[in-house]
There are 2 protein chains.
Amino acid sequence: MFEELDPLLHSQLRLAVMSLLIGVEEADFVFLKERTNATAGNLSVQLEKLKEAGYINVEKTFQGKMPRTVCKITPKGIEAFENYVKSIQTYFNAKNLS
Amino acid sequence: MFEELDPLLHSQLRLAVMSLLIGVEEADFVFLKERTNATAGNLSVQLEKLKEAGYINVEKTFQGKMPRTVCKITPKGIEAFENYVKSIQTYFNAKNLS
DNA sequence: TAAACTAGTTTATTTTATAAACCAAATAAT
DNA sequence: ATTATTTGGTTTATAAAATAAACTAGTTTA
C-alpha cells in the first residue's frame, strides 16, 4: 500500500537542494546555502550524500582566486526526485484507495 | 523560501499512519500495523509520539478478552497533516517560484 | 499443562541530521 | 607589513530519530 520513500530524498535539506537543482542548469554552494538557509556544514554533508548516490555532480573550480563548488542534478537524480514526488503523493491520497 | 516540514509528520511511518487515520473514523493497532507493514515496536513508539503531539487520540479497550488499541485523528492532527501536505508541495514547485 | 499465538511495550542499536569547531586562502583595516 | 575579518568550505562531535530485537502479559489451542 505505502511505497518506500527514498531515504536520500526524504530529508528536508536534501529535498530542498534537489528542488532547486531540478529547476536550474546548475547552482553553486553559496546559492544553495542562501536559498535553503542551511549551515555550511550541514549543506556540505548533504551534498556529499547526494553526490555519493549519483543524484548530483559536484565540480570544484575557481572563480578568480576564490573556490567555487558547482552542483548539477543528474538524470538519475531527476528520476529519483520525480519518483519521490509520485510516491509521497500516494500517501496524501491514501483515503481514496481501497 | 522553503517552509519547515513538521518533523512529526516528516517520518515515513507516522505519515503513513496519519494518511490512514485521516480517511477513517478510527483504526486499531492491528489494522495500522497491517496496512503500514510496520513492526509492532516501531508502531507503538510512533503512535506514542503522535499522541504526545495531540495529533491522535489513543484509547485502550478490550474486545472480548483481548486488548484493543483504537486510534483516532484529532482536529489538530488534521490541520497539521493538511499543513504538511501544503508545505511539501511548495518544494515540488520550487522551480516555478522566483 | 505446555506450546504457540495475540497484542502490544520497553530497551538497545544503528542511522540521521545538525551544529560547532576547524582550516586555508583572500581581502580589508591599521 | 602584519593583524583582523571574511569567504568558502570540510571535519568532527552531539543530539535526535528510526528501527529492530527482546520482553511482557495474557489467551487460545493441542
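1. The surface near DNA strand D comprises 11 nonpolar, nine polar and three charged residues. Here Ala, Val, Leu, Ile, Met, Phe, Trp, Tyr, Cys and Pro count as nonpolar, Asp, Glu, Lys and Arg as charged, and the others, Gly among them, as polar. A residue is near a strand if its C-beta atom, placed from the backbone, lies within 6 Å of it. The model is predicted: local features need pLDDT of at least 70 and side-chain atom pairs count only at pLDDT 80 or more, while totals for chains, interfaces and linings use all residues. Residues are numbered from 1 along each chain as its sequence is written, and chains are lettered from A and ligands numbered from 1 in the order in which they are written.

2. Around DNA strand D there are 23 residues, of which Gly41(A), Ser44(A), Thr69(A), Ser11(B) and Gly41(B) come nearest. Two or more residues each are given to this surface by H2, helix H3 (40–52) and strand S3 (66–73) of chain A, and by helix H1 (12–21) and helix H3 (40–52) of chain B. Helices (H or I, at least four residues) and strands (E, at least two) are DSSP runs, numbered from the N terminus.

3. Between the protein chains, 19 residues of chain A are in contact with 19 residues of chain B (C-beta atoms, placed from the backbone, within 7 Å). On the side of chain A that touches chain B, H1(A) supplies the largest share, five residues. By class, that side has 12 nonpolar, five polar and two charged residues.

4. Of the contact residues of chain A, 100% recur in chain B, and the same surface serves both copies.

5. In chain B, Leu13(B), Ala16(B), Val17(B) and Leu20(B) of H1(B) meet Leu32(B), Arg35(B) and Thr36(B) of H2(B). This contact divides into five nonpolar, one polar and one charged residue.

Definitions and conventions: Two residues are in contact if their C-beta atoms, placed from the backbone, lie within 7 Å.
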